[in-house]
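Welcome! Take a slow look at the model below, and then we will walk through some of its parts together.

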Amino acid sequence: MRDFTAMAVQLDHHRAEHPTDTHRLPTPFIWQDPNSLPRRPWVYGRHLLRKQVAVTVAPGGVGKSSLTIVEGLAMVSERELLGEWTAKGLNVWLYNLEDPRDEMNLRITAAMQHHDVRSGEVEGRLFVDTGRERELCTAVQTREGVVIVKPEIEELAREIAERQIDVMVVDPFVSSHQAGENDNVAIDLIAKEWARLADRCNCAIELVHHTRKTNGVEATSEDSRGGSALLAAARSGRVLNRMTADEREQASDQNNVERARKAAETRRARALAEQRRRAAIAGGKPSELQSELLKRQLLIKQKGLSGMSDADLIAVLEAEAEAMAGPWDKYQSPATDGPWTRYAEDRGQQTGMVGQTMSGVNEGIAGILGAPVDLMTGAINMGKQGVNALAGTDLKPIENPVGGSGTFRDLLAPTISEVEPQNAAERFGRRVGMEVGAMAVPGGIMLRGAKAPLAVAGGEAASAVGSGIAGQTSREIAPENDTADFIASLAGGLSPVAASRAMRPSPKAPTLEELQAQSSAGYDAVRESGATLSPQSADALAGGIEGTFGTRPATRRMNPKAAIAAEELAGDMRQRPPTIAEVDEARQWIGDNVAGSNEAGERRLGVMMKDAIDSHLDQLQPGDVTGTNRANEVVEALTGAREKARRVHKSQLFEAEDTGLVAKGLRRAATTGTGGNEINAIRQNVRRVLENPKLRRGFSETELQAMRDIADGTPTQNALRLIGRLAPTSGALSLGGFTGAAGAAGATGNPLFIAPGIAGQTAKYLGERNTRKKIAALGELIRNGKPLPKKTASALESRVIAALLAQKALMPSFGAEGDQSAVVRALTGAVAQ
């Protein structure tokens, strides 16, 4: 975008070069001899005038640009292409500010071909530019108001003078400036600047302008878009409107007469040439029919084409058709008998389950093959309806497009029975066949690249069968309800996918025994590798163990067992770097002999020493390991074994058979005699873990949040728990209340007495079941080390779903709207709304 504002700053320079005339006003009128006055210099009809601005106004799509192109060709070719007088020797400049050059070239070339304008008639006289290649801006809006871009005007003046332009067409006017359309002052300033340019260059300037929306009412000059100052400043203005139906019919009749005469003349010449050619082949002896044609044509020629009657014209055309007929004409109508005729007869008898099913298959194939064209046609028809609604036009919809489902149905017609299914079984067979046939194309596409194409094909077939059965079931219940049919068939097509997913096992966490085995296998691999710590790593570990005592010597004297253990371990590690297995054994020894001490201080130091060893092993790198050429594998095995050992420890805290928190809760609840408190007992045990910092150690935040959900409960769980207190199994008091209520219900015959107890028992059952699920989920979360992945659609199921959705979107409906796909029906419905 050029900086037109900067160009407008040069206005002062222009004013200095063109000072305003200072003669005194007003100027007196001086009479002149009328014969000496110059005549108006019209250049095209009574519309374009030199030194003046003309305006053409029309709604969008009426043909403003096409009209100006043909008028430009008429002026440069000096021919009255549209019946308007034109001056001779004109140069025309078409400046289209919207379309690219390729589009302009196409439209101009089409107009030249239609009006038989040769290239030599326009070369050097017709000039074409587009706003895509060079923008045009004659005015800009600034804070001080609209400013004319004088450098742009000067450049236009130079180009007009250099090319000797007689007519300049600017299309559209709104794209030639950057001022507000509704600002009459601005539009008046711009229009008068164009008029001054026309006067200065002695040329005619045409400004093409749009109308505002007229909602189908015929436009007038007052309907031009924006301010009215543009038309007020123009010397000539015209408005284009679409012809009415009567006007179209009248114009069509006049054109048809002229067109028929021209066509007769052309065909007569071609027929004569063909007759001469055939006569030459036949030895110069034309047939009687050809002789008759020559006589008729001679008669018509003598009478003159201008006086030819309709009867003569018809006679000539009929004779031409007969004379030009050849031996191929017999193939234009099908024979009444032949081996193929039996298929037409059999088609009407193609009934039965197999016949109806195969008819459905071919119908489905025809529908899915023609779906792309049907979809595009539906979109085009939707656009036409929208244009008709907005512009008041009468664009006809496209019907039976070539390449649509109708085309393929015609091709497969011999295999499609015209006889409707005679019973429910045949209706189901035809519908299932249709779904299977329609699955052919999208299903085939989904087979590409599939790892198990046979399995995918089987899934697609099952989906199509399920879709057909469910859809036809809906039709049997509600024959006219297309929406219910679509929903039912979609659900039926998804049912095999849902069944496949249900049969697939959900992701499971490893069991406690599996974790123990995996951890032991990892430690065994580390032990068998013989890998040792490097001297630097061993020294760092020894320093970490000794550092647990801090800098006070008294700490060692007050905790002699821990001090001796630390001193001996650190010394041994510095003297001979230990193997990794020995480091892990040292950790266990500290846990048994120091961290397990009865003395609080000794116990605290033992835990810190274990933490120092754990931290060192967790941060161990392959460079810290020697004695093996598989340091990476050793470190990886050690990390995995330790991580699984932690999961084992946390899982045992909850799920150990005798000592786990769940087992303890169940035993404590059993002491009540009814077992009704087992969930509460487990929740209390879980809460103790949350409240004990020592027990909480090692649990991730996700695991802790799962414990909170169990201990504190969700709003729904708490509500169920509250109602569950009314359950007879909640305690002796509740049981006694329910017994009394049951007696009252038996005595009065009113079951409402026991309703609270039943509601309480139901709520208690639901609440306990929900909590048990959360407890089981917590155990799996701990054993898996992270949340289990949700069960999602497999690759096979995803392909089947994609094929089904594509089929449902594109295939024709098996109902009242059998020739439209779901997408086309949606488009049509949107337009109707």
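This is a predicted model: local features need pLDDT of at least 70, side-chain atom pairs count only at pLDDT 80 or more; totals for chains, interfaces and linings use all residues.

## A walk through the model

Is N362 buried or exposed? Its relative accessibility is 14%, and since buried means under 20%, N362 counts as buried. Leaving aside residues up to four places away in sequence, N362 touches L412, T415 and I416. With one of these, T415, there is also a polar contact: the side chains of N362 and T415 are joined at 3.1 Å.

Now stay with helix α12, which covers residues 353-369, and find V354 there. V354 has a relative accessible area of 66%, so it is exposed. On the surface, V354 forms a nonpolar patch with M353 and M358, and together the three have about 300 Å² of accessible area.

**Helix α3**

Next, turn to helix α3, made of the 14 residues 64-77. How far apart are its end C-alpha atoms? They are 20 Å apart, and this agrees with the 20 Å that the helix should span at 1.5 Å a residue. Of the 14 residues of α3, 13 are buried, so the helix is largely enclosed by the rest of the structure. Just after α3 comes E78, which takes a positive phi of about 60°.

**Salt bridges**

How many salt bridges does the structure hold? The number is 36.

| Pair | N to O distance |
|---|---|
| R238 and E71 | 2.7 Å |
| R107 and D99 | 3.0 Å |
| R642 and D614 | 3.0 Å |

Let us take the salt bridge between R238 and E71, with its closest N and O atoms 2.7 Å apart. This pair links distant parts of the chain, as R238 is in strand β10 (residues 236-239) and E71 is in helix α3, 167 residues apart. Both R238 and E71 are buried.

In the salt bridge of R642 and D614, the side chains meet at 3.0 Å, N to O. R642 lies in helix α25 (residues 631-655) and D614 in helix α24 (residues 600-618), so the pair ties together parts that are 28 residues apart in sequence. R642 and D614 are both buried as well.

**The whole protein**

Finally, step back and look at everything at once. The protein has 34 helices and 12 strands. What share of its 833 residues counts as buried? That share is 38%. The protein exposes about 47,100 Å², with carbon and sulfur atoms supplying 55% of that area.

One more value describes how the chain meets itself. Among contacts between residues at least 6 apart in sequence, 73% join residues that are at least 24 apart.

Conventions:
Residues are numbered from 1 along each chain as its sequence is written. Side-chain values use heavy atoms; hydrogens and water are left out. Helices (H or I, at least four residues) and strands (E, at least two) are DSSP runs, numbered from the N terminus. The expected span of a helix is 1.5 Å times one less than its number of residues. Buried means under 20% relative accessible area, exposed over 50%, partly exposed in between (1.4 Å probe, protein chains only). Patches are made of residues with over 30% relative accessible area and no salt bridge: like charges are joined within 9 Å, nonpolar side chains (Val, Leu, Ile, Met, Phe, Trp, Tyr) within 5 Å. Accessible areas come from the Shrake-Rupley method with a 1.4 Å probe; for residues, only the protein chains shown count as cover. A salt bridge is a side-chain nitrogen of Lys or Arg within 4 Å of a carboxyl oxygen of Asp or Glu. A polar contact is a pair of N or O atoms within 3.5 Å; within protein, one must be able to donate a hydrogen and the other to accept it, and residues adjacent in sequence count only if both atoms are side-chain atoms. Contact means heavy atoms within 4.5 Å.
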